[in-house]
Amino acid sequence: MKSALAILLALTGAAWSDVKQQEIGKTKDGQPVYQYVLSNSHGLEARVMSYGATWTHMKTPDRNGHLADILLGFDDLGGYLGEHPYFGSTAGRVANRIAAGHFQLDGKEYQLATNNGPNHLHGGKEGTDKVNWQGKIVGQSVQFRTLDRDGHNGYPGNVDMQVTYTLTEDNELRIAYMAITDKATPINLTNHAYFHLAGSGDILRHVLWLNASRYTP
């Protein structure tokens, strides 16, 4: 079974220039963590890292051309290795909550790890946000990949997951998801970025409009 999901985030002001890779530290068990810097000729810069396949920075110009980082997160790897509200992480195997960590699939009962009171949240105690993914530069993109094994956090099936970040000539940061599994399984990957469009100060004068016909409470 194969599923693919693409999320398009349109941001103001860009064109292609470069992708760079650098080691920024190690996980608690000694694995090297790599950061990738995507930039374009208009000054936009996106940074992503292998730990959690996480989007850590997004520098973009305001209406006056002043650059600011509009993502919330940490200045170094240490913050991401501790507890935090999934800043920029790839959340899964299933983002959002599963009530009581329980579901039925093809007539079989499954009990997942619970980490949000009685509920299962964003893949459980060791979701995709806590995995050090394998990363590589592919053309103008950064591609992260990991294998979530059968039974991990209670889910059925081995799932080969792939997340690809691309900064385009049209001032877009594109995030594409692909998952291939050997058993029927629920999957709902997403990015858990928090934005501050002014780059600093409070957000009390921000106005948010969601052009949506429905939402999940």
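Threonine 166 is in contact with Leu38, Gln140, Ser141, Glu172, Leu173 and Arg174, leaving aside its neighbours within four places in sequence. Threonine 166 belongs to strand S14, which covers residues 159-167. Please keep in mind that this is a predicted model.

- Is threonine 166 buried or exposed? Threonine 166 counts as buried because its relative accessible area is 17%, and the cut-off for buried is under 20%.

**Glutamine 22**

- Glutamine 22 sits in strand S2, residues 16-26.
- With residues up to four places away in sequence not counted, glutamine 22 touches Val33, Tyr34 and Gln35.
- The relative accessibility of glutamine 22 is 40%, so this residue counts as partly exposed.

- Phenylalanine 74 is placed in the loop that runs between strand S6 (67-69) and helix H1 (77-81).
- What does phenylalanine 74 touch, not counting residues up to four places away in sequence? The partners are His57, Gly79, Tyr80, His84 and Phe87.
- Phenylalanine 87, one of those partners, is 13 residues from phenylalanine 74 in sequence and 8.3 Å from it in space, C-alpha to C-alpha.
- A relative accessible area of 26% makes phenylalanine 74 partly exposed.
- Histidine 196 is located in the segment after strand S16 (190-191).
- Histidine 196 has a relative accessible area of 8% and is therefore buried.
- Residues touched by histidine 196 include Asp69, Ile70 and Leu72, and also Gly201, Asp202, Ile203 and His206, again not counting residues up to four places away in sequence.

**Backbone points to look at**

- Alanine 53 has a phi near 45 degrees, which is a positive value in a residue other than glycine.
- The loop between strand S4 (45-49) and strand S5 (54-61) holds alanine 53, and with a relative accessible area of 0% alanine 53 is buried.
- Tyrosine 86 is not a glycine either, yet its phi is positive, at about 60 degrees.
- You will find tyrosine 86 in the loop between H1 and S7; its relative accessible area is 13%, so tyrosine 86 counts as buried.
- Which peptide bond is cis, with omega near 20 degrees? It is the bond from glycine 92 to arginine 93.
- Arginine 93 itself lies in the loop between strand S7 (90-91) and strand S8 (97-98).

**The chain as a whole**

- One helix and 16 strands make up the secondary-structure elements of the protein chain.
- Why does the radius of gyration of the protein chain agree with a compact globule? A compact globule of 217 residues would have a radius of gyration near 17 Å, and the protein chain has 18 Å.
- The C-alpha trace spans about 55 × 40 × 30 Å along its principal axes.
- Of the 217 residues in the protein chain, 42% count as buried.
- Taking contacts between residues at least 6 apart in sequence, 57% join residues at least 24 apart.
- The accessible surface of the protein chain is about 12000 Å², and 50% of that belongs to carbon and sulfur atoms.
- The protein chain carries 19 positive and 21 negative side chains, and the centres of these two sets lie 3 Å apart.

**Confidence**

- The average pLDDT of the protein chain is 90, and 92% of the residues score at least 70.
- Over residues 1-16 the pLDDT stays under 50.
- For residues 1-16 the model has 70 contacts beyond four places in sequence.
- Where pLDDT is low, predicted coordinates should not be read in detail.

Notes:
Residues are numbered from 1 along each chain as its sequence is written. This is a predicted model: local features need pLDDT of at least 70, side-chain atom pairs count only at pLDDT 80 or more; totals for chains, interfaces and linings use all residues. Side-chain values use heavy atoms; hydrogens and water are left out. pLDDT is the predictor's confidence in each residue, from 0 to 100. Contact means heavy atoms within 4.5 Å. Helices (H or I, at least four residues) and strands (E, at least two) are DSSP runs, numbered from the N terminus. Buried means under 20% relative accessible area, exposed over 50%, partly exposed in between (1.4 Å probe, protein chains only). The radius of gyration is taken over C-alpha atoms; the globule rule is 2.2 Å times the number of residues to the power 0.38. Accessible areas come from the Shrake-Rupley method with a 1.4 Å probe; for residues, only the protein chains shown count as cover. Lys and Arg count as positive and Asp and Glu as negative; His and the chain ends are not counted. The place of a charge is taken as NZ of Lys, CZ of Arg, CG of Asp or CD of Glu.
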